[in-house]
Amino acid sequence: MKWLFSSFLSMLLCSVLAQKIIPPDPVLPLPSQRQLDWMSMEMNAFIHFTTNTFTDLEWGRGDENESVFNPTAANPEQWVEVLKNTGFKGIILTCKHHDGFCLWSSAYTNHSIKNSPYKNGKGYLVREVSDACKNAGIGFGIYLSPWDRNSAVYAKPEYINYYRNQLTELIAGYGPVFELWFDGANGGTGYYGGANEKRQISQDYYDWGNTIKLARSLQKEEMVIFSDDGPDIRWVGNEQGYVCETNWYSIDPDSCHIRRPGFEKIIGTGMENGSAWIPSEVDVSIRPGWFYHASEDSLVKSPEKLFEIYLQSVGRGAVLLLNVPPDRRGLIHENDVKALQGFRKILDNAFKTNLIEGAKVSVSSTRGKANEFGCSQLTDENPDTYWATDDETTQGTIEIELRKEQVINYIVLHEYLKLGQRIRAFSVEVKIGDKWILVASGTTVGYKRILKIDPVITDKIRVNISDAKACLTVSGVEVF
Ligand code: FUL
């Protein structure tokens with residue numbers, strides 16, 4: 001009797017297990033956790049600040065006297081407060097730009113803040129900025145220009161050690177660092193310790209592979225590393241503040257900064273079947289220049305322009321890196337503060353109320369008819385759950401019936417990326433009377449895809465996914 005009972009139990013268990021629906025196979029390549037964490041930051045700020053701020057240049061020659069660097073009221077806490085309050089999750093500081101001037105007291109050069117009048121050579125801005133970020137709970141990132149127009153050894157083999165020593169000082173002294181930014185501008189004329197000449201470097205001069213290994217060995221926390229094409233994040237191929245509408249996260253990377261013909265186009269759209277997951281970052285300045293120039297005070301981008309940039313970067317699945325350069329006082333200028341606050345207001349208003357709450361949501365089919373892959377996963381606001389289809393089903397429809405008719409301005413879609421990026425084509429329709437009207441269409445979706453539509457009154461919305469690399473895995477849909 002006992003035997004009968006236990007075999008009945010095990011049969012029951014087997015049939016329950018047999019019905020367990022397994023998740024879809026991944027579509028390679030996949031993101032690392034550090035890349036996913038970085039993508040979820042959505043907006044970071046760049047701070048360009050060096051002798052250029054005081055000499056009115058964009059690229060300092062490297063021959064500037066340290067005494068020109070003299071902010072009279074520098075207050076990194078103000079930068080952090082303004083940026084945090086307007087939605088930025090991390091700040092990347094130009095610890096050294098092409099002029100070679102260091103905003104910390106580097107042991108390897110005299111061309112640094114320790115020889116400037118700022119706090120009588122005792123004010124170490126890298127420390128002040130990294131502390132302010134830590135205190136406010138936002139990320140601190142490092143820009144260390146590889147091109148150094150001050151260094152006598154630039155373009156010689158010794159410079160690589162010099163660069164690595166400075167990187168070590170920065171990461172070990174002021175980390176943890178959430179992002180490391182390796183600029184692609186290289187070689188040309190400069191002061192170079194008084195040589196005043198033009199220096200060129202070969203494509204493999206920097207030996208990036210070993211510098212990257214060193215950087216990762218210097219902190220236990222994960223950091224993402226940027227260059228034109230990875231290892232973790234890629235440039236987007238322009239500095240105007242947009243990523244292409246088609247935005248694949250993968251590319252076939254060359255080694256850091258090696259530029260093939262046509263590489264701007266490749267990094268602009270990514271490659272549908274690229275071998276490595278290297279998502280794009282959109283870097284753009286709030287002003288025409290990267291550094292502060294009083295002549296550009298009236299040319300600060302408007303809140304509306306910043307919002308457009310947001311829609312064309314974050315809204316297309318990329319991360320925005322917005323440069324906000326402090327002025328000669330060492331403060332974020334009033335005009336920039338106003339623009340940022342205005343931008344935040346537009347953003348908050350646009351995405352205040354997700355109208356999908358209380359809506360009826362249905363899907364064309366569900367993987368194995370299992371609840372864990374069902375349509376309720378689309379609206380639970382949990383990025384780790386997702387609606388999925390059966391393996392062979394690469395098309396699908398999400399239909400949304402709102403509680404009542406209302407004005408719709410935006411539809412937002414999210415793909416579940418831990419199993420790879422899949423969607424190649426989709427469209428959105430709304431029902432007006434008894435007709436379905438097309439209001440948007442697109443290609444890739446990714447981490448977040450915001451579709452701005454002409455305002456329309458409706459209570460029925462249909463998202464059609466018409467093509468994907470494999471079965472669908474969609475983690476969220478929102479309506480505003
Ligand atoms: C470029 C630099 O040459 C600019 O000055 C700026 O720092 C921009 C973000 O990257 O390559």
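Predicted model: local features only at pLDDT ≥ 70, side-chain atom pairs only at ≥ 80, totals over all residues.
Residues are numbered from 1 along each chain as its sequence is written, and side-chain values use heavy atoms, with hydrogens and water left out.

The mean pLDDT (the predictor's confidence in each residue, from 0 to 100) is 95, and 95% of the residues of the protein chain reach 70 or more. Over residues 12–18, however, the pLDDT is below 50, and this stretch has 0 contacts (heavy atoms within 4.5 Å) beyond near neighbours in sequence.

The C-alpha trace of the protein chain spans about 90 × 55 × 45 Å along its principal axes. Of the 480 residues, 56% are buried, where buried means under 20% relative accessible area, exposed over 50%, and partly exposed in between (1.4 Å probe, protein chains only). Among contacts between residues at least 6 apart in sequence, 77% join residues at least 24 apart.

| Feature | Value |
|---|---|
| Leu28–Pro29, cis peptide bond | omega about 0° |
| Gly230–Pro231, cis peptide bond | omega about 25° |
| Asn120, positive phi | near 50° |
| Glu381, positive phi | about 55° |

Most residues other than glycine have a negative phi, and most peptide bonds are trans. Asn120 counts as exposed because its relative accessibility is 68%, and Glu381 is likewise exposed, with a relative accessible area of 63%.
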